[in-house]
Amino acid sequence: MTRLGVFGSSFNPPTLAHAVLLAEAGWQLALDRIMVVPTGEAWHKDISGAPAAGVRMALAKAAFGGQEGLEVSSLEVDRQGPSYTCDTLEEIHSLNPDSQIFFLSGSDAALGLGEWHRPDRVLELAEFAVAPRSEIARDAVAEVFERLGARDRLEFFAMPRMEFSSTLVRERIASNRPWKHLVPQGVAEMIDNEDLYGSKQ
């Protein structure tokens, strides 16, 4: 059975932390391939000030396109209405019925799983592979899965400590501080060329 990783994010913008997560998950979980799924219309957080979904899709392709075993998917960008993980996994499962799906996540996202749309179905469709974050205890994440009766659907994988995020990149661009070392080269070039996040202010 093929081992398929799925990693969803707004990629606003993609960072080297995203790249490291994908590389570590692919290696440690022995994944045959990974689908990177940029969020279309986010239901769980306000990204109204973000570049359009198509632009964030292009940023993800600039970050990860061409890497062996990685596919940047437009499933959520092409779908009308809110981007629910459950719907995305349903579609991925229907296209890959013989694959074992691992949903890749940071512990901050996994901690809120109980508030997701149809979390029980999400856990039927995919196992969760979670990268711990220093500020969130593993036990706290495990308790969420235990309450959902799905502790056996959770595993952790190790990741080098990287204390930066897309938010930090945007803040640094806005305050004219160094930021290009935090994102893949293709992403930095696209941000500059298209003046995203006010990079040329």
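1. Ser-9 has its place in strand β1, which covers residues 2-9; strands here are DSSP runs of E with at least two residues and helices are runs of H or I with at least four residues, both numbered from the N terminus. Because its relative accessibility is 14%, Ser-9 counts as buried, where buried means under 20% relative accessible area, exposed means over 50% and partly exposed lies in between, with a 1.4 Å probe and protein chains only. Not counting residues up to four places away in sequence, Ser-9 touches His-18, Val-37, Pro-38 and Thr-39, a contact being heavy atoms within 4.5 Å.

2. On the basis of the values, this is a predicted model, in which local features need pLDDT of at least 70 and side-chain atom pairs count only at pLDDT 80 or more, whereas totals for chains, interfaces and linings use all residues. Residues are numbered from 1 along each chain as its sequence is written, and side-chain values use heavy atoms, with hydrogens and water left out.

3. As for the overall fold, the protein chain has 9 helices and 8 strands, and its C-alpha atoms fill a box of roughly 50 × 35 × 30 Å along the principal axes. Of the 201 residues, 47% count as buried, and among contacts between residues at least 6 apart in sequence, 74% join residues at least 24 apart.

4. Nonpolar side chains tend to be buried together in soluble globular proteins. In this model the largest nonpolar core has 34 residues, and those with the most contacts inside it are Leu-22, Val-36, Phe-64, Leu-104 and Ile-191; such a core is a set of buried Ala, Val, Leu, Ile, Met, Phe, Trp, Tyr and Cys residues joined through side-chain atoms within 4.5 Å. The elements giving two or more residues to this core include α1 (16-28), β2 (33-38), α2 (53-64) and β6 (99-106), and α2 gives the most, with 5 residues. A second, separate core of 27 residues includes Leu-4, Leu-125, Ala-142 and Phe-145.

5. Leaving aside neighbours within four places in sequence, Val-36 is in contact with Phe-7, Phe-11, Leu-22, Phe-64, Leu-70, Glu-71, Val-72 and Ser-73.

6. The backbone deserves a separate check, because most residues other than glycine have a negative phi and most peptide bonds are trans. Phe-11, although not a glycine, has a positive phi of about 50°, and a cis peptide bond with omega of about 0° joins Asn-12 and Pro-13; Pro-13 lies in the loop between β1 and α1. Arg-118 likewise has a positive phi, of about 55°, in the loop between α5 (107-111) and α6 (119-125), and with 43% relative accessibility Arg-118 counts as partly exposed.

7. Phe-156 is found in strand β8, residues 154-156. Its contacts, leaving aside neighbours within four places in sequence, are Val-130, Pro-132, Arg-138 and Val-141. Phe-156 and Arg-79 are 77 residues apart in sequence and 30 Å apart in space, C-alpha to C-alpha.
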